[in-house]
Amino acid sequence: MIRTYLFSFFYRITRFFVKTVVSFFQLILGRKQDLESIVDFGDKNLVRIDKYLGYFAYQFSIPQNLNFELYDLKFKSPLIASSFKSEKDLIGVWLKLGLGGAVLKTIMDKPRIGNARPRLQQVRLDRQSCLVNALGLPGEGVESFSSSITSSSLWDHGKPLGISIGGENYQEYITSFDIIEKSLSSTDMRNYFYELNISCPNTDSGSCLGDNLEELENLIDYMKLNSSAVISIKISPDWDNKHLAHIGEIIASKDKIIINAGNTQFKTTKYLGFKESLLPRGGGGLSGVAIFPRTLELVNLFSDMDLTIMATGGISTIHHLNAVRDAGASLFGMATSLIMDPYCVPKINQKLSKQF
């Protein structure tokens, strides 16, 4: 545990120093504040360290008493990376740190460059650092993704991988699913599940598949007919509880379904105290500790419906995990906490192990 806290300390100090220096130069050079360049710098250096010192800096064993099965998926820890990163080397670093699995960044039908920068910012709410993103789902597109995923080294970790699918409309989901399933089913890989991102606020149309419950059910039925994989449904915390309950009713009638509660919360630049030029589309998705109360509320809602739940949103400590676990969650998705301090993973694993 000493090694964990030592690396955690150095990581947080280094991140603070880099953020301060880069922000200073952005200011004096008259450039817009842009956290994305800072995060990219940190990600690349984490991967670079892995190449030379990975065994010492990132290799943390997961206590054996954390192993559990969910449907036909075997997790070594209930902590998983939620869908927000596509860099497979970086995800590999997090898996070495002790995550039990990971959901890859949402894939769309066509390649996308996303929104114009700046599109990622940091904000302090409730005395905690949070992130706000309006990335706009940049990505390589489903054709490129499906041709590369089968040979990814991420499978070598022996942990479940989530394949996140998004779309502007119903047909895009079908197209992407068909292409990915054809690619994966041609191999002997079975340690994967699908996640339907039906709630992203950054689509060009501004609407989500989750707004249309009939199309959502049709999509789930189509996937069930053509694949035996577990499906996770990623909902929006911005929907009202009545709409969410209707989604829960649909899921309750299906087998091997996980409800992912939830996603980022959309906040306007005015609410965040930002200049409008700091985020496209007038705002972005807030993530981090500030959205945890809504995550806990969602877990309680779906637990009352006897659904299998992944809690995502604001989880960064053992106290957060215990709260949503006691409310009924089985898996715990992490995103912002992995940016702020990825060493929270071995910390939580060790503390969680002592509770059993």
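The following legends describe close-up views of a predicted model.

**View A. A nonpolar surface patch that includes L29.** Seven named side chains belong to this view: F17, V21, F24, F25, L27, I28 and L29 form a nonpolar patch on the surface. Their accessible area together is about 730 Å². L29 is situated in the loop between α1 (2-28) and α2 (35-57). With a relative accessibility of 52%, L29 counts as exposed, because the cut-off for that class is over 50%.

**View B. The second largest pocket and its lining.** The space in the second largest pocket amounts to about 430 Å³. It is lined by 20 residues, of which Y11, T14, G42, L46 and I49 are the closest to the centre of the pocket. Helices α1 and α2 each supply at least two residues of this lining. The largest share, 11 residues, comes from α2. By residue class, the lining of the second largest pocket comprises 15 nonpolar, 3 polar and 2 charged residues.

**View C. The salt bridge between K96 and D50.** The structure holds 13 salt bridges, and one of them joins the side chains of K96 and D50, at 2.8 Å from N to O. K96 belongs to helix α3 (residues 88-97) and D50 to helix α2, so the contact ties together parts that are 46 residues apart in sequence. K96 has a relative accessible area of 22% and is therefore partly exposed.

**View D. The salt bridge between D72 and K256.** The closest N and O atoms of D72 and K256 are 3.2 Å apart in this salt bridge. The pair links distant parts of the chain, 184 residues apart: D72 is in the loop between β1 (68-70) and β2 (73-75), and K256 is in the loop between α7 (241-252) and β10 (257-261). Both partners are partly exposed: D72 has a relative accessible area of 46%, and K256 has a relative accessibility of 21%.

**View E. The salt bridge between R112 and E168.** R112 and E168 form a salt bridge in which the closest N and O atoms are 3.2 Å apart. R112 lies in the loop between β4 (101-103) and β5 (120-125), while E168 lies in the loop between β7 (161-165) and α5 (170-185), so this pair ties together parts that are 56 residues apart in sequence. R112 is buried, its relative accessible area being 17%, because the cut-off for burial is under 20%.

**View F. A network of salt bridges.** Salt bridges link D34, E36, R117 and R119 in a network.

Methods
Residues are numbered from 1 along each chain as its sequence is written. This is a predicted model: local features need pLDDT of at least 70, side-chain atom pairs count only at pLDDT 80 or more; totals for chains, interfaces and linings use all residues. Side-chain values use heavy atoms; hydrogens and water are left out. Patches are made of residues with over 30% relative accessible area and no salt bridge: like charges are joined within 9 Å, nonpolar side chains (Val, Leu, Ile, Met, Phe, Trp, Tyr) within 5 Å. Accessible areas come from the Shrake-Rupley method with a 1.4 Å probe; for residues, only the protein chains shown count as cover. A salt bridge is a side-chain nitrogen of Lys or Arg within 4 Å of a carboxyl oxygen of Asp or Glu. Helices (H or I, at least four residues) and strands (E, at least two) are DSSP runs, numbered from the N terminus. Buried means under 20% relative accessible area, exposed over 50%, partly exposed in between (1.4 Å probe, protein chains only). On a 1 Å grid over the protein atoms alone, a cavity is a set of points where a 1.4 Å probe fits but cannot get out, and a pocket is an open set with protein on both sides within 12 Å along at least five of seven lines; lining residues have an atom within 4 Å of a point. Grid points are joined across faces, edges and corners, and a volume is the space filled by probe spheres set on the points. Ala, Val, Leu, Ile, Met, Phe, Trp, Tyr, Cys and Pro count as nonpolar, Asp, Glu, Lys and Arg as charged, and the others, Gly among them, as polar.
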